[in-house]
Amino acid sequence: MTGAARIRSAEVLVASPARNFVTLRVTTEDGVVGLGDATLNGRELAVAAYLRDHVAPLLVGRDAHRIEDVWQLLYRSAYWRRGPVTMSAVAAVDMALWDIKGRMAGMPVYQLLGGASRDGCLVYAHASGADLDDLGDSVRARLDEGYLAVRLQVAVPGMGGGYGVASSRASGGRYTYEPAKRAGLQIEEGWDSRRYLRFAPDLFSWAREEFGAEVMLLHDVHHRLTPIEAARLGRSLEPFDLFWLEDCTPAENQEAFRLIRQHTTTPLAVGEVLNSVWDFRTLIQEQLIDYVRASVTHAGGITHLKRLFEFAAQYQIKSGSHGPTDISPVGMAAALHLGLAIHNFGIQEHMAHHDLTHEVFHTSYRYADGYLHPGDAPGLGVEYNDDAARRFAYSPALLPAARLTDGTVHDW
Ligand code: EZ4
Ligand code: CO
């Protein structure tokens, strides 16, 4: 029997290589290091404080091998359950302990999770534009890179913007979409559901004519519609065979999806802002959705997300994990190990990180021909470069707010 791997330290690392990241580094008395992602976009320091002040002191001296026990302890003994700050902190610890176990076993984490169920994880990329011409260039760039699935977002004519439209084109024609802005004041964006609902079918009719039937097309509504509006949108997009329609209405009220489901066969993906299996109970048991969008980083780590995906599997619902650049390379690696191992993997979101981000995080995962593979380095396969990180000090950034034409605050 392997002896205990006592935890010597748990350090919270905050750095901003192109954007802010919070990373937990757990080190055992024998010097084995595990990394976990604790990045919660726009609320980074809340998780950092939770980890530093309340979680790290509990970890020191504990056996890093006892992943389930530590998970249950952090979840139950805090007394205050769930929520994005707590579940991101628990997630970071969980990832770091899986990383340690893998490194000690000399195996990639996906092997510890049951081994590969597929050759690679299908991913979707982002394309966006200020108008359809601009969006066309963006989609073609993604297809040239070999992506088989692309999420399309475009500014709605007459609205001066829309969710998910990149504001700048980086070198090499790559659009970088980062909603959190490093500004003193929170940015406010306008929203008009009627304009959007009229335009969305034109967008996908154009896309099918332009790019053909084979490419998988996705779209994110980002919580902006009421249930009946979402039902109408899903129905109007049916001729264009979407891979999924994402977050078409806020999902705190899970029962809202009953109405949407009665009206449309467009596949539905929900849950990047949710963090517990309880947030999905009705959505899954009543088969109201097709893809679970929760992330390893925000939903309690590999241990909890695996439970959630296996619950979903009993109802023929697949995974579709959140994977924007606000999930760090550590979180992305963990998502890929889990995605490779589970049976009901669906698709993984992939927004490639900035080159500066990769100066701090060195990864073993690799992209080829529309798929990501976690690689075969022991553990999660990510190394953290402290020297590089010191060059990128934390810089506050906030997600925008949305307002309707008359000034009312809306769901962003
Ligand atoms: O706006 O993660 O599907 N992806 C998304 C994301 C979210 C950001 C918020 O931090 O909706 O891009
Ligand atoms: Co989304």
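This is a predicted model: local features need pLDDT of at least 70, side-chain atom pairs count only at pLDDT 80 or more; totals for chains, interfaces and linings use all residues.
Three strands, ordered 1-2-3, make up an open sheet with antiparallel pairing. Strand 1 (7–15) and strand 3 (33–37) lie at its edges; each has a single partner strand, so one side of each is left without a neighbour in the sheet. On average, neighbouring strands of this sheet are turned by 20° against each other, direction ignored.

Eight bridges join strand 1 to strand 2 (residues 21–28) in the antiparallel sense. Ala-10 has Val-26, in strand 2, as its bridge partner. Helix 1 (residues 44–59) packs on the sheet, where it touches strand 1 and strand 2. The direction of helix 1 makes about 170° with that of strand 1.

Ser-276 belongs to the loop that runs between strand 11 (268–270) and helix 9 (281–285). The relative accessibility of Ser-276 is 1%, and because buried means under 20%, this residue counts as buried. Its side chain reaches the backbone nitrogen of Trp-278 at 3.0 Å. When neighbours within four places in sequence are left aside, Ser-276 is in contact with Arg-82 and His-304.

The elements named above with their residue ranges are set out here.

| Element | Residues |
|---|---|
| Strand 1 | 7–15 |
| Strand 2 | residues 21–28 |
| Strand 3 | 33–37 |
| Helix 1 | residues 44–59 |
| Strand 11 | 268–270 |
| Helix 9 | 281–285 |

Definitions and conventions. Residues are numbered from 1 along each chain as its sequence is written. Chains are lettered from A and ligands numbered from 1 in the order in which they are written. Side-chain values use heavy atoms; hydrogens and water are left out. Two strands pair if DSSP finds at least two bridges between them. Helices (H or I, at least four residues) and strands (E, at least two) are DSSP runs, numbered from the N terminus. Axes are lines fitted to C-alpha atoms, for helices over the stretch in contact, and angles run from 0 to 180 degrees between N-to-C directions. Contact means heavy atoms within 4.5 Å. Buried means under 20% relative accessible area, exposed over 50%, partly exposed in between (1.4 Å probe, protein chains only). A polar contact is a pair of N or O atoms within 3.5 Å; within protein, one must be able to donate a hydrogen and the other to accept it, and residues adjacent in sequence count only if both atoms are side-chain atoms.
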